[in-house]
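Here is a briefing on the structure shown below.

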Amino acid sequence: MRTRLLAATLTAFAAVSLAACSSSGSGTSAAGTGGSPTASTTASAATTAADAPTAGSTAAPAPGASTPAASTPAASTPGTPAAGASDGPAAGSASPGTPDAAGTPAQPKPAPPADAGLPTKPGTDVTAKLVEALNAIDPAIVGGKPDQAVDRARNQCQAMYQFPKDRSKLVELTNQRFTDAAHPQGFGPEKAEKIIDALRATLCPPA
């Protein structure tokens, strides 16, 4: 600030000196007028010198004036995540609701009970109906042994439960179960079909 004032004073002094020299050379002054041209010129030069900034100096802001921010914006640095931080879930952690990558093996179906499809031992009435139906096919099927015929019939009912659509297998199993001395290989496919129908109608539970 002092440098600026000193420069302005020197400039004004030089201007006054030049004006004085010019006035003495011309010898002319305006007598009786309200102002001297020389004085006006000197004052104007002094004012201009005071207002003009000195080369190399920076104009100081007026009291109360806000200083503008630096024109060069600060370099913006993108946010750096903290060490160890990650956008995704931590390794080894499972998101809620996300299945395990390996997958959970399907649980095996429980094995059916050994007596699945095996009817309970029938009462007297059901036994009588079963024996009557078998005797109608061939009396040798029962052969005077109703209890044995009932046991064979119950086992055949279980096979019918296990293989409900495999008719040929059921015929084969019937010929293996219902035998006698005269028919060691069973009573044949035709009578086996009739035995299956008789068991379904009297003893075996509905399919």
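Helix 4 and helix 5 are roughly antiparallel to each other, a label for angles over 145 degrees, with under 35 roughly parallel, 65 to 115 roughly perpendicular and the rest oblique. The model is predicted: local features need pLDDT of at least 70, side-chain atom pairs count only at pLDDT 80 or more, and totals for chains, interfaces and linings use all residues. Residues are numbered from 1 along each chain as its sequence is written, and side-chain values use heavy atoms, with hydrogens and water left out.

**Overall make-up**

- The protein has 6 helices and 0 strands; these are DSSP runs numbered from the N terminus, with helices (H or I) of at least four residues and strands (E) of at least two.
- Along the sequence the pattern reads α-α-α-α-α-α.
- Of the 207 residues, 21% count as buried, where buried means under 20% relative accessible area, exposed over 50% and partly exposed in between (1.4 Å probe, protein chains only).
- Among contacts with a separation of 6 or more, 61% come from residues 24 or more positions apart; a contact means heavy atoms within 4.5 Å.

**Helix 4 with helix 5**

- The axes of helix 4 (residues 146-162) and helix 5 (residues 167-177) come within 10 Å and cross at roughly 165 degrees.
- Axes are lines fitted to C-alpha atoms, for helices over the stretch in contact, and angles run from 0 to 180 degrees between N-to-C directions.
- Helix 4 passes helix 5 in a right-handed crossing; right-handed means that the near helix is turned clockwise from the far one by less than a right angle, left-handed anticlockwise.
- On the helix 4 side, the contact uses R152, N155, Q156, A159 and M160; helix 5 supplies L170, L173, T174 and R177.
- By class, this contact of helix 4 with helix 5 has 4 nonpolar, 3 polar and 2 charged residues.
- Ala, Val, Leu, Ile, Met, Phe, Trp, Tyr, Cys and Pro count as nonpolar, Asp, Glu, Lys and Arg as charged, and the others, Gly among them, as polar.

**Helix 5 and its buried residues**

- L170, V171, L173, T174 and N175 of helix 5 are buried.
- The buried residues of helix 5 pack against helix 4 and helix 6.
- T174 has a relative accessible area of 1%, so T174 is buried.
- Leaving aside residues up to four places away in sequence, T174 touches Q156, A192, I195 and I196.

**Helix 3 with helix 6**

- The axes of helix 3 and helix 6 come within 10 Å and cross at roughly 160 degrees.
- Helix 3 and helix 6 are therefore roughly antiparallel to each other.
- Helix 3 passes helix 6 in a right-handed crossing.
- Helix 3 contributes V126, K129, L130, A133, L134 and I137, and helix 6 contributes K191, K194, I195, A198, L199 and T202.
- By class, the contact of helix 3 with helix 6 has 8 nonpolar, 1 polar and 3 charged residues.
- E132 sits in helix 3 (residues 124-137) and counts as exposed at 59% relative accessibility.
- E132 and A198 are 66 residues apart in sequence and 9.6 Å apart in space, C-alpha to C-alpha.

**Disulfide**

- The whole structure holds 1 disulfide, defined as a pair of cysteine sulfur atoms within 2.5 Å.
- C157 is joined to C204, S to S 1.7 Å.
- The S-S torsion of C157 and C204 is about -90 degrees, so the disulfide is left-handed.
- C157 lies in helix 4 and C204 in the segment after helix 6 (188-202), so the pair ties together parts 47 residues apart in sequence.
- C157 is buried at 3% relative accessible area, and C204 is buried at 9%.
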